[in-house]
Amino acid sequence: MDLKLDSIGHSYGDLEILRDISLDIPKGKIVCIIGPSGCGKSTLLRMIGGLEQPGRGQILQIGDVPDGCLNPLTYVFQDFALLPWRTVEGNIQLVLEDHRLGAQQTEAIIADVLARTKLSDFRQALPKQISGGMKQRVALARALAVNPAVMLMDEPLSALDSQTRELLMGDLVALWEREPFTAVYVTHNLNEAVRLGHSIVLLSRRPGRIREIVEIDTPLADRTLGDPELERKQVQLWQLMRDEAVAADQELLSV
Amino acid sequence: MSDTSRSSAPTSSYKPVAFRGGGFAPRPHRWVGLGVFVSLILIVEVLTRAGIITSLTLPIPSDVFWTLVELWQSGMFYKHMVPSLTRLVVGALIGCTVGVSVGILIGLFSLARAGLVPLVAAIFPIPKIALLPLFVIWFGIDEMSKYALIAFGTFTPTVVATYGAVDNVDRTLIRMGQSFSLSWVSIVRKIVLPGAMPGILSGLRISLAIAIILLVAAEMLGAEYGIGAYILQAGSLYDLERLFAGVAILSVLGVMVSTLIGTLERILLKWRV
Ligand SMILES: Nc1ncnc2c1ncn2[C@@H]1O[C@H](COP(=O)(O)OP(=O)(O)OP(=O)(O)O)[C@@H](O)[C@H]1O
Ligand SMILES: [Mg+2]
């Protein structure tokens, strides 16, 4: 299943947030969206996920939802959004319960996603007992459990320290290598974007328009820390983004 | 030279940084509460026995204790306690159940909120005791009017605490539920209710204390037996020992209710950081 954004635009009252965004999200690819603070990245992602209605334009689903997919468009939140009163296992169960899968299948899915995110030993832990990185892995496991057609990730690593972020990026790449998933990945971290994105969409400052789409052909698994080719892409992106970021910063000050 | 000045000069002013980060974190101190009770009672005991406090002002605590023992031995304790506890449990159960349900309705539906919040605000400050005659007319002099008074009195604080608690449930968790296409019922049952539980429980703490206050008020009218009736009889005879014995029973009841809620919190809110 592919997604197509057809000239999306949106305003909150008089404030225009997004203007004329057209974008293809092909199956099995990770599309990163970067842009200065407040340019409407999260808003765009909410629209893709059907949590908000775009003022203009439409979001189209091309092709059928694959078999066995319980929740086609699935979020991974920046602040994890785990239920603190449920264990790791319980948090994953939560999203399966409404589907009436039967105990055996539910158990199989939980065991599988916990193994894939290396959490099998922490099934019974409560969120308060585990670290930030693990919490995000639980959120990831929960997203994988519903076998999504497209994962929508809003700065999933922003709440983590840089070492944990590095580790989790590795985990994401490994997960993708094992079974390519489709994802829209919002971030303001250029390094994450060049490590994880097959294509990187750079939005301008508010109102957000597409400034540039940068494709990176290096396979995800070969993108290592400090790869010169990636460094070059990152510098290129930063130069494009710099002026926007400065302008956006000034704008916020003058509000 | 710079070396010596660096190592020697400041030595005289080496000071550990003062710690100023403590407090503001309640820790359990098991026996302190009991200690405060016991020492207060001991002080009163000594002062009354020494005659510094006359027995007209305060009864001697040990006399109160013997009155309690006597009450127990005569079997009258049960006679008073059973109807009182029944009234408390039935009244508070009705009031809190309806209160929690209405509070959740207000929390979930804006129409219910618009319609009921002003009503609750209007009912809240009415001293329910003042309405006692009205309840007697409506529900008769029997048990029903007592249940009604307690239920009515616990209802409003429970409603207010509950809808406040529902309002405070983390919205991102609800968004998360929606993003996984959970059904409305699932979101309410598995996200909103557990999320509101801390607030609901602390509301119950207040409501149940109010229920005990109203219990005594309810027993002022046409109750032969009950802790409230017992206190009232003692009061009209200026029998301070029995008055205080009744008050002590109410206090113990209050502590027990509070402990009960505390236990409930420990079990239900294990997940809290
Ligand atoms: N519900 C809303 N009502 C009004 N304005 C909103 C609403 N949600 C977001 N905005 C505004 O829309 C703009 C874009 O918000 P959005 O959260 O999409 O930005 P973002 O690109 O994700 O920013 P950040 O990098 O800080 O996460 C912001 O200026 C914000 O104030
Ligand atoms: Mg955002």
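## Salt bridges and the contact between chains

Across the interface of chain A and chain B, the rule finds 2 salt bridges, a salt bridge being a side-chain nitrogen of Lys or Arg within 4 Å of a carboxyl oxygen of Asp or Glu. Asp98(A) forms a salt bridge with Lys190(B), and their closest N and O atoms are 3.6 Å apart.

On the side of chain A that touches chain B, β5 (73-76), α2 (88-97) and α4 (132-145) each supply at least two residues. Helices (H or I, at least four residues) and strands (E, at least two) are DSSP runs, numbered from the N terminus. The contact (heavy atoms within 4.5 Å) takes 22 residues from chain A and 19 residues from chain B.

## How the model is described

This is a predicted model: local features need pLDDT of at least 70, side-chain atom pairs count only at pLDDT 80 or more, and totals for chains, interfaces and linings use all residues. Residues are numbered from 1 along each chain as its sequence is written, chains are lettered from A and ligands numbered from 1 in the order in which they are written, and side-chain values use heavy atoms, with hydrogens and water left out.

## Around ligand 1

Now for the ligand. The residues around ligand 1 (those with a heavy atom within 4 Å of it) include Tyr12(A), Ser37(A), Glu155(A) and Arg206(A). Helix α1 (residues 41-48) of chain A gives the most to this shell, with 4 residues.

One lies 3.0 Å from a polar backbone atom of Gly40(A), and one is 2.8 Å from an N or O atom in the side chain of Lys41(A). A polar side-chain atom of Thr43(A) is 2.5 Å from an oxygen atom of ligand 1.

Arg123(A) sits in the loop between α3 (103-116) and α4 of chain A. Its side chain makes a polar contact with the side chain of Glu107(A), at 3.1 Å. Leaving aside neighbours within four places in sequence, Arg123(A) is in contact with residues including Thr87(A), Val88(A), Ile110(A) and Leu114(A).

Note on methods. A polar contact is a pair of N or O atoms within 3.5 Å; within protein, one must be able to donate a hydrogen and the other to accept it, and residues adjacent in sequence count only if both atoms are side-chain atoms.
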